[in-house]
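Student: Could you show me how to read the features of a protein model, step by step?
Tutor: Gladly; let us look at it together.

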Amino acid sequence: MARNIRNQIAAGLLRDGQALPSTRALGKEWGVSVFTINKAMELLIEEGLVISKERSGRVVNAPDQVYRTEMRTVAPHVLLIGGYAGSGKTELGRILARATGWPMLDKDTLTRPVVEAALEILGLSPNDRESETYLSKVRPREYEALINAMTENVQCGSSAIVTAPFIKEFKDTAWLNRIAASCADMNATMTVVWVYCDPATMHSYIRHRGAARDASKIENWADYLDVIDVDFRPPMPHKVIDNSASGVPLQTQARDLIAQLAGE
């Protein structure tokens, strides 16, 4: 819980001075005891990310949440960030975007309203992400729109942070080589980032966000784990970010990644 709140602060989802929900509300939201809530808050208070005020309760303390100028590189840089549902790829993208000033292009943000409308027109649930109709008719267009948005940014001389599951794409060496070649033609460098997360942490993240599109995963968690390869890694040079609850803080790994990109 502390890690999730820490990530949300770093990603700008929780803002400096924002009051956190009450202990009772947090307990209901997370499905945990008051003891667990208080221990998580103690950790965040020790780190200086949360302060306790007499009238306001617990408040986010992140005064460094200010506008950052763009991190300049010799040529545009494209970060393709993939991972399974609940791995934290969007949070990583937001943290990197806040630190670099580069535009963040998230597949769900860019395409979800249109995808949901298209699915309803096709007579399917707007939350469908498993049917053959979605996989063959809708999904390819989502990724086409995402890559087109990335291409347009790079053509304008901007770097781009692109977040999506990329499960099928990162397994396809030909697809990866094609995007890398396209970036090279535009004098841009492409970096593939895979966000790993252990099943227990993924389950916690997915359950907490409560998205309707995840309902079938939560209801059939064991079956879902049977059809994914948690240990998957892209078949080309890539960087791995471990967002498991027991791992190094996501913010630290993001800073290390930025330092590597700056050095390159």
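Student: How many bridges join strand β3 to strand β5, and do the two run parallel or antiparallel?

Tutor: Before the answer, a word on the source: this is a predicted model, in which local features need pLDDT of at least 70 and side-chain atom pairs count only at pLDDT 80 or more, while totals for chains, interfaces and linings use all residues. Residues are numbered from 1 along each chain as its sequence is written, and side-chain values use heavy atoms, with hydrogens and water left out. In general, strands of a sheet pair through backbone hydrogen bonds, either parallel or antiparallel. Here 4 bridges join β3 (residues 77-82) to β5 (residues 160-163), and the two strands run parallel; strands are DSSP runs of E with at least two residues, helices runs of H or I with at least four, both numbered from the N terminus, and two strands pair if DSSP finds at least two bridges between them. Val 78, for instance, has Ala 160 in β5 as its bridge partner.

Student: In what order do the strands of the open sheet lie?

Tutor: The sheet has 5 strands in the order β4-β5-β3-β6-β7, with parallel pairing. Its edge strands are β4 (104-106) and β7 (239-242), each of which pairs on one side only.

Student: Is Thr 191 buried or exposed, and which side chain does a polar contact join to that of Thr 191?

Tutor: Thr 191, which lies in strand β6 (residues 189-196), counts as buried because its relative accessibility is 7%; buried means under 20% relative accessible area, exposed over 50%, and partly exposed in between, with a 1.4 Å probe and protein chains only. A polar contact of 2.7 Å joins its side chain to that of His 77, the term meaning a pair of N or O atoms within 3.5 Å where, within protein, one must be able to donate a hydrogen and the other to accept it, and where residues adjacent in sequence count only if both atoms are side-chain atoms.

Student: How many disulfides does a search of the whole structure find?

Tutor: A disulfide is a covalent bond between the sulfur atoms of two cysteines. The search finds 0 of them, the criterion being a pair of cysteine sulfur atoms within 2.5 Å.
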